Amino acid sequence: MYTSTKVFISLTNDLVMPLFALIQILSKKTIETINCKIIIGAATPYTLLTFVPVFCVFYFVQRYFQETSRELKRLDATTRSPIYAHFSECLNGISNIRAYKRAKSVNKTLGKRLNSHLRMNLAQFSANRWLSVRLELLGGSLVLFSCMLMLFVYLCCYIYIYTYLLLLS
């Protein structure tokens, strides 16, 4: 009875505490994002218009990346499994490999499997870089569109905009 309680407590500490930390970070970042949008909206309400199309594009980029990333993770696991199986077989049959002098062929087979696995790692890294470039482009376009809209409002509508409000947004 004592050991099961001990296991339960350790599982609780191992599973629940990181979950609480994740919820805390998520709620903190959500509140920061909402506060940032409120400040931007109060300072320069016209910039909120630029958020809508950029967030729509962001949504489609994120959906595309999720589908691709899921498939790449599946392929990564598929190419990793033969490496573990081959390594386990080598450890179990190391005496036979040495006796029959098959170390070079075993190393060659392992090298081929590692190469296929590293190709999947490269594809996964490339997909992450693809997403990073797209997100930076969206962030830059958000700034560009906000500046263009504020310039348009200033020049065409003759609404005076304080410089500190522009810097705040």
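Analyst: Helices (H or I, at least four residues) and strands (E, at least two) are taken as DSSP runs and numbered from the N terminus. On that basis the protein chain has five helices and zero strands, and along the sequence it reads α-α-α-α-α. The model is predicted, so local features need pLDDT of at least 70 and side-chain atom pairs count only at pLDDT 80 or more, while totals for chains, interfaces and linings use all residues. Residues are numbered from 1 along each chain as its sequence is written, and side-chain values use heavy atoms, with hydrogens and water left out.

A pair of aromatic rings is described by the distance of the centres and the angle of the planes. Rings of Phe, Tyr and Trp (its six-membered ring) pair if their centres lie within 6.5 Å; planes under 30 degrees apart count as stacked, over 60 as edge-to-face and the rest as tilted. This rule gives three aromatic pairs. One of them joins Y59 and F60, and because the ring centres are 5.6 Å apart with the planes at 70°, the pair is edge-to-face.

For accessibility, buried means under 20% relative accessible area, exposed over 50%, and partly exposed in between (1.4 Å probe, protein chains only). Y59, at 40% relative accessibility, is therefore partly exposed, whereas F60, with a relative accessible area of 58%, is exposed.

Y64 and W130 also form an aromatic pair, and this one is tilted, with 5.5 Å from centre to centre and 55° between the planes. The pair links distant parts of the chain, since Y64 belongs to helix α2 (residues 48-92) and W130 to helix α4 (residues 103-156), 66 residues apart. Y64 counts as exposed because its relative accessibility is 52%, while W130, at 26%, counts as partly exposed.

For the chain as a whole, 20% of the 169 residues count as buried. If contact means heavy atoms within 4.5 Å, then among contacts between residues at least 6 apart in sequence, 76% join residues at least 24 apart.
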